[in-house]
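I opened my notebook to look through this structure one piece at a time. Here is what I wrote down as I went.

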Amino acid sequence: MKTILLVGFIIFTKIYAMDMPQSQDFICPISMEIMEDPISASCGHIFDRKSIEAWLNEQNTCPICRKIIDFLSSETILREKIRQYKLNEQKMALENTKRQAWEKVSQQLFEEFCSDLRDFVRKTQ
Ligand SMILES: [Zn+2]
C-alpha cells in the first residue's frame, strides 16, 4: 500500500513539473500587467483598453510605433484566451496547495516505510 502511494506521488510530481504556457502575449505594453480587455490599435499593436484609452487622452499616436491611431478594435479571441489562462492559473494554485498537503503526507509515509523496512531487516537478521 505504501509503495503504491510512493509511486503515485512520483508520477504526480513529474506531471506538475511540466512547463506551463507562456503569458507574454497577454501583457499590456503600457501597464505591463495581464490585459483584461485587449484591443488592437489601427497600427496593429495590442493594449489593454483602460491603458490605451488613458494614453489617447493625452496624445493620438501609438506608444510603440508612433503612428496615428485612427480606431481601436476588440480582440475577442485574445480576451477569451486570457480568461482561460486566468482560470487555469486559479486551478493551478488550488492544485499546488493540494500537492503540498500530499507531499507532507507522502514524506510521513516514506519515513514510516523506511522505519518498517529497518525493523523488518533487523528481525530477519
Ligand atoms: Zn503601433
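**Entry 1: the helix across the sheet.** I started with α2, which lies across β1, β2 and β3. Its direction makes an angle of about 95° with β2. I noted at once that this is a predicted model, so I treat everything below as a description of a prediction.

**Entry 2: the sheet.** Which order do the strands take in the sheet? I found β2-β1-β3, an open sheet of three strands with antiparallel pairing. β2 (46–48) and β3 stand at the edges with a single partner strand each, so one side of each has no neighbour in the sheet. On average, neighbouring strands are turned by 40° against each other, direction ignored. A reminder to myself: strands of a sheet pair through backbone hydrogen bonds, either parallel or antiparallel.

**Entry 3: the pairings, strand by strand.** I looked up β1 with β2 and found an antiparallel pair with three bridges. β1 and β3 also run antiparallel, joined by three bridges.

**Entry 4: the hairpin.** How many residues lie between β1 and β2 in their hairpin? I read four, and Gly44 in that turn has a positive phi of about 105°.

**Entry 5: the core.** I then looked for the largest nonpolar core and found five residues: Ile39, Ala41, Phe47, Ile52 and Cys62. Next I asked what Ile52 is in contact with, leaving aside its neighbours within four places in sequence. My list for Ile52 reads Ile30, Ile39, Ala41, Phe47 and Leu72.

**Entry 6: the whole chain.** I stepped back and noted three helices and three strands in the protein chain. Along the sequence they follow the pattern α-β-β-α-β-α. Buried residues make up 10% of the 125 residues. Of the contacts with a separation of 6 or more, 49% are between residues 24 or more positions apart.

**Entry 7: the helix at 76–124.** α3 has 49 residues, and I read 69 Å from its first C-alpha to its last. That is close to the 72 Å expected at 1.5 Å a residue. Is α3 well covered or hardly covered? It is hardly covered, as the count of buried residues among its 49 is two. I looked at Thr76, which is found in α3. Thr76 counts as exposed because it has 11 C-beta neighbours inside 10 Å, and the cut-off for exposed is 12 or fewer. Still, Thr76 and Pro38 are 7.7 Å apart, C-alpha to C-alpha, although 38 residues separate them in sequence.

**Entry 8: the loop between α2 and β3.** Thr61 has its place in this loop. I wondered why Thr61 counts as partly exposed. The reason is that Thr61 has 15 other C-beta atoms within 10 Å, while a buried residue needs 20 or more and an exposed one has 12 or fewer. Not counting residues up to four places away in sequence, Thr61 touches Arg66, Lys67, Ile68 and Ile69. I also checked Thr61 against Ala41: the two are 20 residues apart along the chain, and their C-alpha atoms are separated by 9.7 Å.

**Entry 9: two positive phi values.** Most residues other than glycine have a negative phi, so I made a note of the next two. Arg66 has a phi near 70°, a positive value in a residue other than glycine. Arg66 is found in the loop between α2 (49–58) and β3 (72–74). Met32 is found in the loop between α1 (2–16) and β1 (38–41). Is Met32 buried or exposed? Met32 is exposed, with 9 other C-beta atoms within 10 Å.

Notes. Residues numbered from 1 in each chain as written. Predicted model: local features only at pLDDT ≥ 70, side-chain atom pairs only at ≥ 80, totals over all residues. Expected span 1.5 Å × (residues − 1). Pairing = 2+ DSSP bridges. Axes fitted to C-alpha atoms, helices over the stretch in contact; angles between N-to-C directions. Contact = placed C-beta atoms within 7 Å. Core = buried A, V, L, I, M, F, W, Y, C linked by C-beta atoms within 7 Å.
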